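Here are some notes to read alongside the model. Keep the structure open and look up each residue as you go.

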Amino acid sequence: MNENKSILKEKSFDFAVLVVNLYKELTEQKREFIMSKQLLRSGTSIGANIREAKNAESKNDFIHKLAISQKECDETIYWLDLLKATEFINLETHGKITDAASQILKMIRSSILTTKQKTHNL
């Protein structure tokens, strides 16, 4: 599981870099400031909460931090969908970043379920 956590930590950091770069493009080239700011906030929060989970005080705290990360990831996908629907990003950009977010979301959900199962089996 430590390897899986490390992969999740790396993927969420790489995802945050994608989000920051998209934010810069949206604000500098497209002059879009509202949705892109929301995307920046939620997209970078995913990895921050995953890092916080690493230092959790208990299994319940760990699950709670990952649950926050899960919510932020789902919110990020919402902002990406809205940016695509309003034609601020194209289908290719949307697909690339949404796929990355979906992979992270699946990994987070899996980590939460695994931790809950281990906690209940004790």
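1. Let's start with a term: contact means heavy atoms within 4.5 Å. With neighbours within four places in sequence left aside, Thr 98 is in contact with Ile 77 and Leu 80.

2. A quick word on what you're looking at. This is a predicted model, where local features need pLDDT of at least 70, side-chain atom pairs count only at pLDDT 80 or more, and totals for chains, interfaces and linings use all residues. Residues are numbered from 1 along each chain as its sequence is written, and side-chain values use heavy atoms, with hydrogens and water left out.

3. Back to Thr 98, which you'll find in helix 4 (residues 91-120). Helices here are DSSP runs of H or I, at least four residues, numbered from the N terminus. Is Thr 98 buried or exposed? Thr 98 counts as buried because its relative accessibility is 12%; buried means under 20% relative accessible area, exposed over 50%, and partly exposed in between (1.4 Å probe, protein chains only). The Thr 98 side chain also reaches the backbone oxygen of His 94, at 2.7 Å.

4. Now for the charged pairs. A salt bridge is a side-chain nitrogen of Lys or Arg within 4 Å of a carboxyl oxygen of Asp or Glu. How many salt bridges does a search of the whole structure find? The search turns up 4.

5. Take Glu 72 and Arg 41, whose side chains meet in a salt bridge at 3.3 Å, N to O. Glu 72 lies in helix 3 (residues 59-85) and Arg 41 in helix 2 (residues 34-54), so this pair ties together parts that are 31 residues apart in sequence. Glu 72 is buried, with a relative accessible area of 13%, while Arg 41 counts as partly exposed at 40%. Glu 75 joins in too: Arg 41, Glu 72 and Glu 75 are linked in a network of salt bridges.

6. Next, have a look at Glu 52 and Lys 65. They form a salt bridge, and their closest N and O atoms are 3.4 Å apart. With Glu 52 in helix 2 and Lys 65 in helix 3, the pair links distant parts of the chain, 13 residues apart. Glu 52 is partly exposed, with a relative accessible area of 41%, whereas Lys 65 is buried at 18%.

7. Lys 65 has another partner: its side chain meets that of Asp 61 in a salt bridge (4.0 Å, N to O). Asp 61 and Lys 65 are 4 residues apart in helix 3, so about one helical turn separates them.

Technical notes: Helix = DSSP H or I, 4+ residues; strand = E, 2+ residues; numbered from the N terminus. Polar contact = N/O pair within 3.5 Å; in protein donor to acceptor, adjacent residues only side chain to side chain.
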